[in-house]
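Hello,

Here is the structure you asked about. My notes follow below it.

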Amino acid sequence: TLTAVVDEFLSEFARTGLSFPTSLAASLTLTESSVSQTTSRDIRHKAGLSLHPDPWAKLQAKELDEILPLFSLESAEVGAVILSKLKAATVAEILGQIPGKKARQLTYALSLINNVPTGIVQSIGQSILEQLNTHTEREFDSGPVDRAGEILNFSAAAIRENLLEGLQMADADFAQEVRKVIFNFANIPERLSPRDVPRVIRDIDAADLITALVAAKLTDPEVGEFVVTNLSQRMAEQLREEMDEKGDVKPTDGEAAMTTLVVAIRALADAGEIELIMPEE
């Protein structure tokens, strides 16, 4: 039955006048848009095929900032091979952005690679492309600074400051960059534009907002005042009345409500609905 089905399929396929590649490599190339890169790469590897049929075409499609670091890592001869396979305009831009001494070495090396065999050129292309893919196909979408900042944003204030002090001692530059991306409750007056306060309030549950503002009286009074004074007079008066009625709140409840407010602000910023003010250097 299986053979009959296959024969029938091939017969119908042949009647269309189309043909299918006879080699595995050509078939994989044909199906690149339908087969995942990981699957295609695994099949090529197991079959002993070249991982990239035309590495130089893929290399030419890379962004300039991906290609530039190669020239500080590779020898002048390998760098010259790379340059020889790129478009002239791209080469001119590259030579203009690397140090003068290295640019002169690469330019001279171009005269030495004329007799390099095609197979070696392809091997260099394969190696370079794999090297670039290793760097560009990262497991993490964000860099270490953003990831550290994201984690500390959701940490309790005491823990956050303790960790930042440790970072400062271990790597002052890294700690400084992390501080720039951190956005917590205390940062609201300096990072949130006053005109965006009403927009933020619309996304916050009223109970959470009141709890956060009441808790802020003890820890960050300037934040609560910033939020209230940048609302309409009617809304501000209503909030003040509800805050008075609320009375005291537990520290844990207050911090949870503050975090809810911060998360809402960051979500709006990530969605492009508001723009946070970047701290000054």
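Helices (H or I, at least four residues) and strands (E, at least two) are DSSP runs, numbered from the N terminus. On that basis the chain has 19 helices and 0 strands. The model is predicted, so local features need pLDDT of at least 70 and side-chain atom pairs pLDDT 80 or more, while totals for chains, interfaces and linings use all residues. Residues are numbered from 1 along each chain as its sequence is written, and side-chain values use heavy atoms, with hydrogens and water left out.

Of the 281 residues, 32% are buried (under 20% relative accessible area, 1.4 Å probe, protein chains only).

Two helix pairs are described here. Axes are lines fitted to C-alpha atoms, for helices over the stretch in contact (heavy atoms within 4.5 Å), with angles from 0 to 180 degrees between N-to-C directions.

H16 (residues 206-219) and H18 (residues 233-246) have axes that come within 9 Å and cross at roughly 75 degrees. H16 is therefore roughly perpendicular to H18 (65 to 115 degrees). On the H16 side, the contact includes Leu 209, Ile 210 and Lys 217; on the H18 side, Leu 239, Met 243 and Lys 246 are among the residues. The contact residues divide into 6 nonpolar, 1 polar and 4 charged (nonpolar: Ala, Val, Leu, Ile, Met, Phe, Trp, Tyr, Cys and Pro; charged: Asp, Glu, Lys and Arg; polar: the others, Gly among them).

The axes of H16 and H19 (residues 251-270) come within 8 Å and cross at roughly 115 degrees. Ala 212, Ala 215 and Ala 216 of H16 take part in this contact, as do Gly 254, Ala 257 and Met 258 of H19. Its residues comprise 5 nonpolar, 4 polar and 2 charged.

Regards

Key. Buried < 20%, exposed > 50% of the residue type's maximum accessible area, 1.4 Å probe, protein only. Parallel < 35°, antiparallel > 145°, perpendicular 65-115°, else oblique.
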